[in-house]
Structures are given as structure tokens and as C-alpha cells.
Amino acid sequence: MPKMKKTEREIQKISDEELVSLVEQGLLNASNDWLAGTALSGEREKSTLEYGMIPTGHLSPQGVSQIVSSDTVEAVEGYVAILSELLFDNNKLAKFNPKSKSPADFHRAKVASQLTNYVIFKQNDGWSILNSWVKSSLIWKNTIVRWGWVEDHEYKFEEFEQIDQNSLDLMLADDDVEVSGTLEYSPEVIEIDGEQTYVNMYHDVRVRRKKDKSRVRIDLIPPENFRISRDATNIDDAAFVGIESELTKSELKKAYPDADIDWDDLGTVGLTTKLISSEEATRKVLTAVEATYHNKQLAIDTEANIPIQHVECWMKIDRDGDGIAELKHIVIVGGQIALEEDAQKIPIASLCPFEVPHEFIGLSMADMIRPSTLASTAILRGFIENVYMTNYAPKLADPNIVDFGALQNLKPKSVIPTIGNPQAAVFPLTPDTISQGTVPLMEFLQIHKEQSTGLSKAAQGLNDTLYVSGNSEQKVSMVQSAAQVRLQYMARRYVETGLKRFVEGVYTLMREKMTTGKVEFYDEKGYLASVDPAELPDCEQLIIDADVGGFGNTDMLRKMQLVGKEVIPALQTAGAGGAVNPQAAVHIAAETIKALDLDPLDYLVDYTTPEFQEQAEQARQAEQQATEKKRQLDEEITRLDIRQREATIALTNIQSKNAIQDNTRQMVIAMSKHYQDMMKLYIDAAKEGISIPQPVIPSIEEMWALAVQHTAQDAAAPLGSPQVVLPEGGPAAMAPPADTTSSP
């Protein structure tokens, strides 16, 4: 027989009773118990007392002094001030990166950033909530903020003494407008376009106009109300995440009007006395407020104000029996299911100053500073008690001689009655001298506190020794920058964990709920703006607008300045300008404007649109043509310059030749005149009968050749050289130039 295929076992669906039981089990297995006072609650109570400097609990005094060191307060407040400056100072937290480098995408990203920041900081008291969130984490380890969509409306009334039916019908065509009260009308005759007609005129009409005020609501959850599985390492992977609180029956009916709840069978927490957690009671002690509320009478109807347990949780369970656990959002009210729905993500974010690897619960700043707080408290109390004992030292006295009452209540000019000799009856007890190592120990504890928290005097600008002679401004800046590294790291951790999850959750909820029409908001300049939700960018382009890390505004401005003023000019100077993108200057301008938190479209046109690219291409072609014409003109000018130089050289050569020929001609004339004078002298001597040698007169060709040779040697010889020596053979050996036809 063929082997039968095994059938999958049928999975039973989880019933409502089982679901409530699973929620109760999740509460029991959570890392914090609301009323039982667990170790985690005890640690947070210690932090509260240390922050409030309350001498009770583990800070109870052992002697006279009740002083508590302010180390915890200084560390927490110092970190809150610096983190607030880095993260929330400009009321900007959301920042979107554009999809491309076009100013239009820059603009869309800017609008999305402004809308998200408007929802966080304007529609909600974002600055106060986020600062309290950071401060709570520094005191009480992990602290939680949650967000959700609130359906809300605002009503405005308009009154009309008289209105016609057409105008009223046109007004009521708007779905958000309705009539308040009853309508009374009477027919009247009016004239329209010269014709009389009957219309119904309504009197004393009151119209109610509804304006949608639905929004994202942000709430800071008290640490004692938050529940998470003990083995959880993060929120998304936790088996159980919940918020446990108390709400009155009246509040529950308003919150869940359509819930299938038996309101007469709800489990109550208490009727006449409101129970509060030990952590809340400790905070009440800190603020000097009574920790319990007796005979709670908030209204005449006491039943409507009975506090009832309210548990809102997120669990992965299989309700439909398909074998796959889905994330569910569940609300349990007094042991009954008030709400159950599918959830995409848990709308909760956590901040933790010092994470513990592989654990969800971390450490707080109060935990890190506790050793220093306790040690400083003990030493300060020792100081004060030593001074107190010195001023009011105890005494040994004989009751048979000295009156104790008079001795304990000393007054100026008072007389203490004694019986017998009082010198041996009273003996003061001198307190021990304070140790010489106490002051150095206090200084050591101060250094230890700065090292354990990273909040040094240099980081706060309080170290006067940095500004002594010899320390330049650069050295001071380097010391302060090094001291800020730990603070920057904590700010970066906040950005990459809780703040990033928080802003992404708020933005995702906005896009999910804002689905129709234009959404109005006020931009950072206070102007009313609107945006189509469909045009909002994806959540993947969202980052946190904090001045930390490599993408902070300060760092980006520094980069753009370096690229614009040093890198690109260096390439152009080195002859590598061809490697520079033609749009580099525009990109630098857009990034700089973006880093300044301004809208690039206020200063630049969108250079990525087809119209602009077509115009830019035409302008580029025109520029190329102009450049080519200029290049050709420059080449023609160069050629003309070369030709001019060649002509100048040729003219100079001709002038030189003419000068040489002129010099040669003058020399031949001088030689001819010389020989003429010699011949005349010879003839005159013959007439007188004087015999002298007859001069040899060379021909004109010989004189010309001799003059040419002499002129050439003079032109080639340096200044001051000896006279030309005629070659052997005399002038007869020289021949005149072939083209020489002139004669002296």
C-alpha cells in the first residue's frame, strides 16, 4: 500500500480568555513590576534621591550632617544642556536628503523636513518632551516615548440674521458645515435681473463649521509604566512590549466608545485610595508632594472616576490559526479586550545613555556617577560634623557638682551654679583632627567624577588654566574638542537609536494618515505653506538633523569651503581643470545653502529640469562658439604678431645691408679722394722738378673690394678690436660685388 502523506496538525485559534491570560503572563515576565518594587525600580529610586539630594533611603545620614553631594545633579544637568544644544536647539530634528542633486529635489526634501519638524515641535510641545526624554534617560536608564494618531476636531460658529436658501445650500454643500439649532424661514419676494421671484429667507441661522485638527500625538511614558520582556535586547524583537497605567471609567469610555466591554464587570484598582508605584512615590518625596491620595473625589459621580487597570501592549501571536505569529496591538481594560488590531511596527522608542551589550536595559548617568556621589557625600558630612563637634564638643560632667541644664543651654553672662570645685567636675572631649589626606581625596574624587562622566571643566569651558600665557587659541580649541569627544559620542548614540526610530515612526504615521488633499503647516520662517502628501519623499531619505558626525551642518560647511577654495582652484592652477565637473560650482552652492538650513530654490534655479537643460545646452553651445571664435582670433593675432616680427627682422636686415653698403661707398670715395690727392701731389712735384715715386692707383674694383672687406670685418669684430689687415696680394686680390655698378 502507498505510504500516506502526513497531514499538518490543526492549530487551535487563541481564544479571548487565552489572549487576556497571555497578556497577564507577559506583564509578570516583564523586566519591571509596577507595585512590587523590583530591583530595577530600586535602582531608579536611588537615582531619584541622588538627583534630588534627599537624605533618605541609602542616603540616610549616620550622624548630624544631612548634606548630599551634588555630583549627580551637576552631571545630569551638564549633559542635558550640551545634548539639548546639539540636538534640539533650533527646533529641527528631521532632515531629508534629496533624491538627486537638483534644487527641486532639495526643495521637496526641505518641505518634508519642515512638515515633520512642525508636527514634532509645533503641534506637540516637542522641545519640552524631547528634553524631558533625554533627562529621564540620564537619571533612570532607559526611558520611553511613544506616538500615535489622535482624531480631533475644532468647531467654529457663524451666525446670520438672514440668509437666502441658495446661499445656505451652497454653504451646506461642504461636508464640514452643518446647521446648529432649528431653521425658521419665510417666503419673500426679491428682484433678480429685473424680475421679481419668491425665495425662502432663513432667519437667525447658526452654522457650525468643523475643522479637522487630527494630528500625531507624542507622549513621554513614565519609566515605571513601561513593560518589556526580560530577555529582550531591543523593542522590535521583544516577545512582549506594553504600557501599564490607570485610567478612570470615564476616560476609558471616551477612549474606546465602540469597544465591546461589560462596563459593570470591570476589575478596579481601588475606590477611595489611588495606588501609585514606589518610583512615583519617590518623585513625590522629591517635590514635597504627598504620595497618596485619600478619599479621591474628582466628581459627584464617583463610579465614573474609579481607577481601572489599562494595559496597552504589542505581541506576536497567532490569532487566526495559520501557524504564523503576527504583530498585534492589544488593549486590555480591567481584564477585558478593548482593542485588537494588526500593527506594522511598535510606536515606541527608547533612549539609553550607556548601553549594555545584549541587554535592553542599560545604565544611566546617575549609575555612573553614584560612586563619586556616595564618596563625596561621606567626606562632606565628615567635614561638617568635624566642624560641628569642634564648635559644640561634648563634655563629661559630674552631676553632683554641675547643673546639666545650665551647662547645655549656655547664654552670654549666664551663671552656672555648682556645688564644690567645678574644675574637676567638667571635662571637654576634643574631636579628632581631620585627616590630612581628606582634601587631596576630595580633589581626586573631582577628577574621578570628570573621568567617569566625560563632563570635564575643559568641555564646559570652565578650566581657567587653559587660558594662561603660552596657550594659543588653537591649543585651547584642541583641548576642548578632545574633551567633547565623549559628549559627541553620546549624542551620536542618541541620534542613531531612539531619535532616529522616533522621527521615522512619526513620519511614517504622518504619511499613513495624511492621505487626502493638501496638508497645511507653518514653515520655519512662520509662513503658511501646504504640501501634497503624495509628493513627500520616502522614509529611507530621512536622517536626524543634529550637528554631530560627518554630515552635520558645521562639518558640511567646512567641507564645501575646502572644496571650493582649495581643491578645485588647485586643480585649475595645476592645469587639470578639465577634471573639474562643469556643474561643480552649482553643486557646491546647493550643498552650502542646504547646510545653512535654507531652501536652494530661493537662490538657485532648478538646473536639472529639461527646460533649463535645453537653455543651458544652448548657452553652452553659444559659449563654445564664442570660445572657438576667441581662440581663432587669438591664433590670428599670434600669426600676425609672428609675421610682424619677421617683417621687422627683414627690415632690420635691409637697413643693416643699406648701412653697410653706404659705409662701403663712403670708404671707396675716401680712398679715391686719397689716391687723387697723392696723384696731384706727384704732378705738382714733377712740375717743380722734384722726383718722387709715382703712386700706384688701384682700380675702382680693387678699392671697392678692399672697402667691402674692411666693412665686413668691422661689423663682425667686437668693439675696440684692432684695424683690419689686408690680405696678401693687396687690393688686386679683391673683387667688387657682381651687382655693384656705381662708381665714386
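This report describes salt bridges in a predicted model.

Residues are numbered from 1 along each chain as its sequence is written, and side-chain values use heavy atoms, with hydrogens and water left out. In this predicted model, local features need pLDDT of at least 70 and side-chain atom pairs count only at pLDDT 80 or more, while totals for chains, interfaces and linings use all residues.

Side chains of opposite charge can pair when their charged atoms come close. A salt bridge is here a side-chain nitrogen of Lys or Arg within 4 Å of a carboxyl oxygen of Asp or Glu. The count by this rule is 29 salt bridges.

| Salt bridge | N to O distance |
|---|---|
| D105 and R108 | 2.3 Å |
| E244 and R227 | 3.1 Å |
| D641 and R645 | 2.8 Å |

Helices (H or I, at least four residues) and strands (E, at least two) are DSSP runs, numbered from the N terminus. Accessibility is given as relative accessible area: buried is under 20%, exposed over 50%, and partly exposed in between (1.4 Å probe, protein chains only).

D105 and R108 both belong to helix α4 (residues 103–123), where 3 residues, about one turn of the helix, separate them. D105 is buried at 12%, whereas R108 is partly exposed at 38%.

E244 and R227 form a salt bridge that links distant parts of the chain, 17 residues apart: E244 lies in strand β9 (residues 240–248) and R227 in strand β8 (residues 226–228). E244 is buried at 8%, and R227 is buried at 1%.

D641 and R645 stand 4 residues apart in helix α17 (residues 610–687), about one helical turn. D641 is partly exposed at 31%, while R645 is exposed at 54%.

Finally, a network of salt bridges links E43, K46, E50, K141, D367 and R370.
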